[in-house]
Structure formats: C-alpha cells, structure tokens
Amino acid sequence: MKSKKYILQSAISTLELESAAILNVAKNLNDDFEKVVSTILTCEGRVIVTGIGKSAIIAQKIVATFNSTGTPAIFMHAADAIHGDLGMIQRKDVIICLSKSGNTPEIKVLVPLLKSAGNILIGMVGELGSFLAEQAHLILNTAFEKEACPHNLAPTTSTTAQLALGDALAICLLECREFNESDFAKYHPGGSLGKKLYLKAGDLASTNEKPAISPSAPVKDVLIEISKNRLGAVAVVDTENHVVGVITDGDIRRMLENNGSIVGLKAEDIMGRLPKSIQYDSLAVDALHIIKENNITQLLVLEQNTYFGIIHLHDLLNEGIV
C-alpha cells in the first residue's frame with residue numbers, strides 16, 4: 001500500500017499535467033477555430049462527431065453538449081461507420097473526427113470515405129503531422145506533452161484536452177446563437193435543471209388545496225381549515241378574494257401560548273399582516289428564494305391582486321427545485 005503522501009502527490013501530478021494540457025490547447029487556438037464555429041453556425045445539416053476508443057467516449061459527450069445547447073449533433077462510432085453507419089451522414093452535415101494520434105487504422109480507412117461525399121471534415125487531433133490532420137479541411141489542435149499515465153499509454157491528458165476543447169466549441173456556438181435560458185428550458189424539460197427554468201409558482205399552487213377564511217371567522221374555523229388542507233397555513237381574504245393576512249400553524253401555537261382562552265378570538269386577531277407572496281406566473285425557483293430569505297415554509301400565490309393558492313416548501317422539495 002502506497003503512503004498517503006504518495007497518493008496525494010500522484011493525484012496532484014495528474015491534475016497539473018491535465019491543467020497544463022488545457023492551457024496549451026488555449027494557446028494553440030488559431031483562425032481554424034473561428035472557421036469551425038462559422039462552418040457549424042452556417043451548416044444546414046447536423047454535426048456528426050466520430051472517433052474510436054476513448055476518443056469515441058469524448059465524442060459522445062460533445063454530442064450531448066451540442067444537442068443540449070442548440071447545435072443538432074449525432075454520434076457515429078468510427079468502427080461502426082465502415083459497417084453501415086456511414087448511411088447516417090447527409091450531404092449538408094459537418095463532420096468532426098476525434099483522434100489522439102490521427103493515424104489509427106480505422107481513421108485511415110474512414111477519412112477518405114468521409115471526404116468522398118463532399119462533407120466538410122474537421123479533425124480534432126493531437127498530432128499535426130498525422131494522416132487525419134493532413135486530410136481534414138480544418139484542424140482543432142489538441143497537442144499535449146504526455147499522458148498522465150506513468151507509462152504514457154492510457155488516454156488521460158489527451159482526452160481531457162479533447163473534452164475541454166469540445167466544451168469551448170459548444171459554449172462559443174451557444175453564445176453566437178444567443179441561446180438563452182428559455183431555449184435551454186426547451187431542451188431540459190425534465191429534472192431539477194429544467195424545472196428551475198420553466199416551472200411556475202402557479203403550477204405548484206394549483207396542485208394544492210386553496211385554504212381561505214374570512215377575517216371575522218372564529219378561531220375554531222381557522223383550526224379546522226388549517227388541519228383539513230395540510231399546508232400548515234390559511235389565507236385570510238376579504239369578500240373580493242383579496243388577501244388581508246395569513247395564519248400559519250406557528251401563529252396558532254403562539255396564540256395558545258399567549259391566551260388563556262380562545263373564546264371570542266377571530267382570524268383577524270391572530271393573523272399575520274402583509275404576508276409574503278408571489279405572482280402565479282413567477283418562476284418556482286423565485287418562490288424558493290423568497291421562502292429562504294424570510295425563513296418561512298409557506299408562501300401565498302396571487303393572480304394580480306387576488307388569492308390564487310399556497311406553495312409549501314415541501315412542494316419545492318418534491319419537485320427537486322431545492
């Protein structure tokens with residue numbers, strides 16, 4: 001078993017090597033990168049990203065990032081391409097081929113086939129004198145000093161460089177397209193990320209009961225209304241459904257502590273005035289901010305000036321917004 005010092009130093013060495021590789025990629029950016037961006041932006045088809053081995057795995061990640069940020073992309077494994085998958089390439093598609101050396105047998109077989117249909121071929125490659133670099137129309141240079149692997153064999157530094165350059169390309173395309181949060185939400189409707197971008201306060205409130213009571217209602221009715229709806233609160237509204245206050249289960253506890261008898265007490269006697277609220281068409285994540293800032297668990301939802309419903313902190317937890 002290696003010592004703790006040895007283990008930590010090994011990790012630091014790997015991270016330093018890979019960090020240096022990313023900085024080297026940034027230093028080597030040239031006009032080809034701008035041409036790649038322009039080519040993809042004006043492409044009327046899709047971006048086909050291909051590679052073999054570990055480069056194929058990075059290619060899949062780049063495709064996923066492209067698709068989620070507004071650049072239509074498809075992954076094609078280099079080995080499968082020569083056994084039928086070339087059929088997925090259409091005339092107007094742009095192709096990005098990833099390879100550490102640019103000289104693997106599969107790449108040498110594939111590249112001429114990719115160029116034969118007239119598609120623009122972009123090579124993301126670490127060896128500028130390689131077959132791929134010489135055949136590609138444009139080059140994304142991922143040259144690096146050595147792999148983090150002590151034997152300089154396992155793809156580590158090389159794939160980190162590919163991954164980082166793929167991210168740089170995707171973000172540059174995103175910014176050039178002026179791809180915004182609304183666009184992002186369309187591609188991420190599921191999960192907490194998408195919900196933060198599109199789920200509205202009204203969407204949550206509409207799934208709950210709508211507890212409400214008049215200012216003159218006796219405390220007994222308040223207790224029944226709070227217990228019945230299980231939201232831990234009830235809105236106090238006037239005859240026009242305007243909110244004039246709120247009563248929470250905390251208000252009930254304080255009332256019982258401070259009063260020997262509840263006979264004669266009304267909702268308006270114990271309600272909190274000027275309660276925190278949010279408009280029904282506001283984002284649910286904004287409701288979370290209000291709840292956190294004010295250290296509360298319920299938030300009233302309004303439609304213009306009228307009472308719409310209540311959001312509970314548990315609603316946000318259940319949706320994964322927190």
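1. Buried means under 20% relative accessible area, exposed means over 50%, and partly exposed lies in between (1.4 Å probe, protein chains only). By that rule Asp93 is buried, at 2% relative accessibility. The model is predicted, so local features need pLDDT of at least 70, side-chain atom pairs count only at pLDDT 80 or more, and totals for chains, interfaces and linings use all residues. Residues are numbered from 1 along each chain as its sequence is written, and side-chain values use heavy atoms, with hydrogens and water left out.

2. Where does Asp93 lie? Asp93 is in the loop between helix 4 and strand 3. Helices (H or I, at least four residues) and strands (E, at least two) are DSSP runs, numbered from the N terminus. Contact here means heavy atoms within 4.5 Å. Not counting residues up to four places away in sequence, Asp93 touches Cys43, Gly45, Arg46, Ile48, Met88, Asn119 and Ile120.

3. Next, the salt bridges. The term covers a side-chain nitrogen of Lys or Arg within 4 Å of a carboxyl oxygen of Asp or Glu. How many does a search of the whole structure find? The search finds six salt bridges. One of them joins the side chains of Arg46 and Asp93, at 2.6 Å from N to O. That pair links distant parts of the chain, 47 residues apart: Arg46 sits in the loop between helix 2 (31-41) and strand 1, Asp93 in the loop between helix 4 (78-81) and strand 3 (94-99).

4. Lys61 forms a salt bridge with Asp167, and the closest N and O atoms are 2.6 Å apart. Lys61 lies in helix 3 (residues 54-68) and Asp167 in helix 7, so the pair ties together parts that are 106 residues apart in sequence.

5. Glu147 forms a salt bridge with Lys100, with the closest N and O atoms 2.9 Å apart. Again the pair links distant parts of the chain: Glu147 is in the loop between strand 5 and helix 7, Lys100 in the loop between strand 3 and helix 5 (105-116), 47 residues apart. Glu147 is buried, with a relative accessible area of 1%. Lys100 is partly exposed, at 29% relative accessibility.

6. Ser158 belongs with this pair. The residue is found in helix 7. Ser158 is buried, with a relative accessible area of 3%. Leaving aside neighbours within four places in sequence, Ser158 is in contact with Lys100, Phe144 and Glu147.

7. Thr50 lies in strand 1 (residues 47-51). At 0% relative accessibility, Thr50 counts as buried. Which residues does Thr50 touch, not counting residues up to four places away in sequence? The contacts of Thr50 are Ala59, Met76, His77, Ala78, Ile95, Ile96, Cys97, Leu98 and Leu110.

8. Two backbone points deserve a look. Asn152 has phi near 60°, a positive value in a residue other than glycine. Asn152 is in the loop between strand 5 (138-141) and helix 7 (157-176), and counts as partly exposed at 40% relative accessibility. Gln304 has a positive phi of about 60°, although it is not a glycine. Gln304 is found in the loop between strand 10 (298-303) and strand 11 (306-312), and counts as exposed at 59% relative accessibility.

9. Tyr6 is placed in helix 1 (residues 4-27). Tyr6 is partly exposed, with a relative accessible area of 46%. The charged end of Lys2 sits over the ring of Tyr6, 4.8 Å from its centre. The rule asks for NZ of Lys or CZ of Arg within 6 Å of the ring centre and within 35 degrees of the ring normal.

10. Met1, Tyr6 and Ile7 form a nonpolar patch on the surface, with about 420 Å² of accessible area together. Patches are made of residues with over 30% relative accessible area and no salt bridge; like charges are joined within 9 Å, and nonpolar side chains (Val, Leu, Ile, Met, Phe, Trp, Tyr) within 5 Å. Accessible areas come from the Shrake-Rupley method with a 1.4 Å probe, and for residues only the protein chains shown count as cover.
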